Amino acid sequence: MKSKNTPLVSIIVPIYNVEKYLPECIDSIINQTLENIEIILIDDGSPDNSGKIIDKYAKGDSRIRTVHRENKGYTASVNEGIELAKGKYIGIIESDDWIEPDMYEKLYNDASKYKTDITKGLFYFYNPTLPQNEQNKVYKNPSGIDLRYAPDGPFEPKNWPQIMGFHASIWSSIYEAKFIKKIKLHDTAGASYQDFPFMVDVLTRAQKISVVKKPFVHWRNEPKQGNSTSAKGKKLLYMPENTLEGLRILKASKKYDYFKEAFYAHALWTNIGFFYKISSNFKDEYYKKLKLIFKDLQNDKTFKYTFFRPEDKISIKTILKYDGWKTFYFSHILGGVRRRIRRIKNIFYIPKRISRLEEKISDLETKV
């Protein structure tokens, strides 16, 4: 399919070692109901057959541009794609995900109608290892922030600040090309959550954003070798480092007070699970970075924990209280056990024995 017109949307796909999922991803893009698109497939030095796969697709569809390069990482691939893009709007899709056929038609129509810097869609959390009714659910984050409750029509992000606490999900959006070409992804530490500082930069600069309240992307989360879902080693230290970079961007934007409640909620739920997952050899370093992320809350009397669950508020206060990760770890686990005991007590009303157990746990906590 050939078009002399400027593409309405350029779609960037950074690719590395993903031959198992790549055809499903590309098929879902070339079959979009919005036909006037540009598809930029960037092979980032893949050691598998990904390069051959994209060359085969390019022969059958003139909308596809392929790039083969030595491995430089996800950030460099996305930034090169943004630089090459000719479309009015730009989208990014991860090469192991797939999308609904009307994604770019719906997002483009909304963005064009409201003249937005960003138009965002919902997405599915896909994990085939879960029970069938849990495998492909519309995502809402652990804090309960749900994009289905975003304002209708265009809005400035600071007027619905919880969007900062939702999820980076940079691949569920389209961006006005002139707007995004000034930003790009930050050349920060490593390949884990490098979209966090990008998200902060985008949301603090955008004047107008809209949300199409329909899920389009199937975000693949099945455990697979080499991604952050399965990683346990030093690579996970990139998570808090990129969170700190996001915090730096937020403060420099002069919009810290608008977004801080949502930002710190996001920072906690994205980091705490990885702190528990990381190998014990790196827990001390991770914990020190957690303390750096949340240190400003130590004396912030205006912070209301607006988007925090009760247990999340306790987590922050515990991080600020203890210097060593082992003390925090033990105290946090004991706190979780005590909360579960209270739930059981309330359900079955067995106060005496449970109360004694609670007292023992409280004694242990005071000795930590």
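Tyr 305 is buried, with a relative accessible area of 11%; buried means under 20% relative accessible area, exposed over 50% and partly exposed in between, with a 1.4 Å probe and protein chains only. The model is predicted: local features need pLDDT of at least 70, side-chain atom pairs count only at pLDDT 80 or more, and totals for chains, interfaces and linings use all residues. Residues are numbered from 1 along each chain as its sequence is written, and side-chain values use heavy atoms, with hydrogens and water left out.

Most residues other than glycine have a negative phi. Tyr 305, although not a glycine, has a positive phi of about 55°. Its place is the loop between helix H9 (280-294) and helix H10 (310-321). Helices (H or I, at least four residues) and strands (E, at least two) are DSSP runs, numbered from the N terminus. Lys 184 is not a glycine either, yet its phi is positive, at about 60°. This lysine lies in the loop between helix H5 (177-181) and H6.

## Helices H9 and H10

Two packed helices are described by the angle between their axes and the distance between the axes. Axes are lines fitted to C-alpha atoms, for helices over the stretch in contact, and angles run from 0 to 180 degrees between N-to-C directions. The axes of H9 and H10 cross at roughly 110° and come within 9 Å. H9 and H10 are therefore roughly perpendicular to each other. Angles of 65 to 115 degrees count as roughly perpendicular, under 35 as roughly parallel, over 145 as roughly antiparallel and the rest as oblique.

In this contact (heavy atoms within 4.5 Å), Tyr 287, Leu 290, Lys 291 and Phe 294 of H9 meet Ile 316, Thr 318, Ile 319 and Leu 320 of H10.

## Helices H6 and H7

Helix H6 (residues 195-205) packs against helix H7 (residues 238-252) at an angle of about 15°, and their axes are 8 Å apart. H6 and H7 are therefore roughly parallel to each other. From H6, Phe 196, Pro 197, Val 200, Asp 201 and Thr 204 meet Asn 242, Thr 243, Glu 245, Gly 246, Ile 249 and Leu 250 from H7.

## The whole chain

The protein chain has twelve helices and nine strands. Of its 368 residues, 55% count as buried. Among contacts between residues at least 6 apart in sequence, 79% join residues at least 24 apart.
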